[in-house]
Amino acid sequence: PVMTPMRRELQRFITIISAIAICLGTIFFIISVATGKGAMTSLVFAIGIIVANVPEGLLPTVTMALTMASKRMSKNNALVK
């Protein structure tokens, strides 16, 4: 597929959101193990944190990318609906 500017921005934002979610999951896993929880319980908790964070950040990401693209198009006097 052709990498349009919009697709590149969305890909970059999704990568950032995913990296943040993985970092948070890892941090919570370490904290959970350090407080004496079992490794399996901590792993399930960390996976839950990762899975919950990705969809939460995806909607604002898409909205921001669409807004930025619309603003750029309006500077070029394009019709933006």
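**Entry 1: what covers helix α1**

I began with the buried residues of helix α1, and found that what covers them includes helix α2. The model I am reading is a predicted one, and I keep that in mind throughout these notes. The buried residues I listed for α1 are Glu 9, Phe 13, Ile 17, Ala 21, Gly 25 and Ser 32. I also recalled that an α-helix has 3.6 residues a turn, so residues three or four places apart point the same way.

**Entry 2: how the two helices lie**

Next I looked up how α1, residues 5-34, is placed against α2, residues 39-75, and I noted that their axes come within 7 Å and cross at roughly 155°. Because angles over 145 degrees count as roughly antiparallel, I wrote down that α1 and α2 are therefore roughly antiparallel to each other. The crossing of these two helices is right-handed. For the residues of the contact between α1 and α2, I recorded 25 nonpolar, six polar and two charged.

**Entry 3: the span of α1**

**Entry 4: Ser 32**

When I left aside the neighbours within four places in sequence, I found Ser 32 in contact with Lys 37 and Ser 42.

I turned to helix α2 and picked out Ile 47, which lies in it and is partly exposed, with a relative accessible area of 44%. From C-alpha to C-alpha, I read 9.7 Å between Ile 47 and Phe 28, which are 19 residues apart in sequence.

Met 64 also lies in helix α2, and at 42% relative accessibility I put it down as partly exposed. Its C-alpha is 9.4 Å from that of Phe 13, although Met 64 and Phe 13 are 51 residues apart in sequence.

**Entry 5: Ala 39**

How far apart in space are Ala 39 and Pro 55? I found 25 Å from C-alpha to C-alpha, for two residues that are 16 residues apart in sequence. Ala 39 lies in helix α2, and I noted it as exposed, with a relative accessible area of 54%, the cut-off for exposed being over 50%.

Technical notes
Residues numbered from 1 in each chain as written. Predicted model: local features only at pLDDT ≥ 70, side-chain atom pairs only at ≥ 80, totals over all residues. Heavy atoms only, no water. Axes fitted to C-alpha atoms, helices over the stretch in contact; angles between N-to-C directions. Helix = DSSP H or I, 4+ residues; strand = E, 2+ residues; numbered from the N terminus. Parallel < 35°, antiparallel > 145°, perpendicular 65-115°, else oblique. Left-handed = near helix turned anticlockwise from the far one by under 90°. Nonpolar A, V, L, I, M, F, W, Y, C, P; charged D, E, K, R; others polar. Buried < 20%, exposed > 50% of the residue type's maximum accessible area, 1.4 Å probe, protein only. Contact = heavy atoms within 4.5 Å.
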